[in-house]
Amino acid sequence: MVACAGLALGLTLACAKPTAQLTDEKIASIFELEKIYADNAFKIVKSTGKMPRSLEKGFQPISDWTSGFYPGNLWLVYEFTRDKDILKKAEYATALVEDNKDYTHDHDIGFMIYSSYGNGYRLTKNEKYKAVMIEASKSAIKRYNPKVKSIMSWNPSAARDWKFPVIIDNMINLELLLNGTGFTGDSTYYNVAVNHANTTMKNQYRSDYSCSHVVDYDPLTGKMRKRDWNNGDSNPETASWSRGQSWGLYGFGFMYKYTHKKEYLTQAENIAAYILNNQNMPEDMVPYWDYRAPKIPTQKDASAAALLASGLMQLAELSPANGKKYFKAGEKILESLSAAPYLNESGKGNYLLNHATGNFLRKSEVDGGLIYADYYYLEALLRYQKLKQKIEF
């Protein structure tokens, strides 16, 4: 079901009926639901030291790339509720992932540390949290190559013919580095983040502002070798993995927020235009797993939608020209996610959102709950509630 598509976002919003009114009461009820799921998971976290990842993969060790999102969810619930019991759980879960500050096996340290310690520091100003983020920033840049001017995401692979693979997800890790410079005054972290963003902007994106999942580089010359895939559709020249497009929008948004470099705002807005005007965007604005798969199946990805909504709320505050448009688009997504069939209102299990998809073609975590879908959904709701007081209609 593809409806109300086309470049005029206003038409999309006008013909798609809202599915849930985002009243203050509705948002409060969602955070109360998340408290239930967070409590359900906490019993297992405390007994095993593992973190919830997904309905399919259950609880994973702290070395898993998703380990920071459960502590992050607790911090976001604490931000909304100021519940002291949730605060204690957030502190406990955050401490469990501290060893990840030294993680250098791949690029995921930003996901692990910023969503947990970053939120913890933002809300408490605990100096220990700042110290952990500084150490994590030092670890993150160990994978930086000055020839490529990028951070290597995964390790080289002969089987995949990868020498220096970089994935679009890596944009999210740059926020940790920008804070690293903010905390220390050392411009090294800032410069790495800027160089990585510039390399991504130059090589990961096509002329229509869609991006491939993977780009591989020659570590000796810095030249791009090829585009490739690991998520989304398997044709790297045309694939438009929906969560990957959201990673880019979100990442270039905060790059502008921190650096005030206009080219990052332009990039984020061009990515937003590609997504919001896409002819394969469903009426409820919860994307399919890929915007350009050969035959669009009906498999949705609520994680792509939640991340998109949060990125749009961020962008709404940054764009003088288009802020209202991004706000309304993000609101529409949140309305869809805040009702059936996406919102899990049963009170059972560990996940707030249904119909999130990890990797469709690899048949991994398809159509279930994902911890990072919940994280970006809660973040988007918080951003929405703060921003709706500022947006004038």
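Student: What volume does the largest pocket have?
Tutor: In this predicted model, the largest pocket has a volume of about 640 Å³.

Student: How many residues line the largest pocket, and which lie nearest its centre?
Tutor: Its lining has 30 residues. Arg 122, Glu 175, Lys 257, Glu 379 and Arg 383 are the ones nearest the centre.

Student: Which elements give two or more residues to that lining?
Tutor: Six helices are named here: helix 3 (69-81), helix 5 (109-124), helix 7 (174-184), helix 9 (242-259), helix 11 (302-318) and helix 13 (371-387).

Student: Which helix gives the most?
Tutor: Helix 5, with eight residues in the lining of the largest pocket.

Student: And how does the lining of the largest pocket divide into nonpolar, polar and charged?
Tutor: There are 15 nonpolar residues, six polar and nine charged.

Student: Back to helix 5 and helix 7. At what angle do their axes cross?
Tutor: Roughly 50 degrees, and the axes come within 9 Å. Helix 5 and helix 7 are therefore oblique to each other.

Student: Which residues meet there?
Tutor: From helix 5, Ile 109, Gly 110, Ile 113, Tyr 114 and Tyr 121. From helix 7, Glu 175, Leu 176, Asn 179 and Phe 183. Glu 175 is also one of the residues nearest the centre of the largest pocket.

Student: What is that contact by class?
Tutor: The contact of helix 5 with helix 7 has six nonpolar, two polar and one charged residues.

Student: Now helix 7 and helix 8. How do their axes cross?
Tutor: At roughly 155 degrees, with the axes of helix 7 and helix 8 (residues 187-203) coming within 7 Å. That angle makes helix 7 roughly antiparallel to helix 8, because angles over 145 degrees count as such.

Student: Is the crossing of helix 7 and helix 8 left-handed or right-handed?
Tutor: Left-handed.

Student: Which residues make the contact?
Tutor: On helix 7, Leu 174, Leu 177, Leu 178, Gly 180, Thr 181 and Thr 184. On helix 8, Ser 187, Thr 188, Tyr 189, Tyr 190, Val 192, Ala 193, His 196 and Ala 197.

Student: Different topic. What about the second largest pocket, what volume?
Tutor: About 390 Å³. The second largest pocket is lined by 22 residues, and Arg 53, Trp 65, Trp 154, Asn 230 and Asn 231 lie nearest its centre.

Student: How does its lining divide?
Tutor: The second largest pocket has seven nonpolar, seven polar and eight charged residues in its lining.

Student: Which residues line the largest cavity?
Tutor: Tyr 103, Thr 104, Asp 106, His 107, Ile 109, Ser 139, Ala 140, Arg 143, Ile 151, Asn 170 and Asn 173. They divide into four nonpolar, five polar and two charged. Ile 109 of that lining is also part of the contact of helix 5 with helix 7.

Student: And what lines the second largest cavity?
Tutor: Among its lining residues are Cys 211, His 213, Asp 228, Trp 229, Asn 231 and Trp 241. The lining of the second largest cavity has five nonpolar, four polar and two charged residues.

Definitions and conventions. Residues are numbered from 1 along each chain as its sequence is written. This is a predicted model: local features need pLDDT of at least 70, side-chain atom pairs count only at pLDDT 80 or more; totals for chains, interfaces and linings use all residues. Side-chain values use heavy atoms; hydrogens and water are left out. On a 1 Å grid over the protein atoms alone, a cavity is a set of points where a 1.4 Å probe fits but cannot get out, and a pocket is an open set with protein on both sides within 12 Å along at least five of seven lines; lining residues have an atom within 4 Å of a point. Grid points are joined across faces, edges and corners, and a volume is the space filled by probe spheres set on the points. Helices (H or I, at least four residues) and strands (E, at least two) are DSSP runs, numbered from the N terminus. Ala, Val, Leu, Ile, Met, Phe, Trp, Tyr, Cys and Pro count as nonpolar, Asp, Glu, Lys and Arg as charged, and the others, Gly among them, as polar. Axes are lines fitted to C-alpha atoms, for helices over the stretch in contact, and angles run from 0 to 180 degrees between N-to-C directions. Angles under 35 degrees count as roughly parallel, over 145 as roughly antiparallel, 65 to 115 as roughly perpendicular and the rest as oblique. A crossing is left-handed if the near helix is turned anticlockwise from the far one by less than a right angle, and right-handed if clockwise. Contact means heavy atoms within 4.5 Å.
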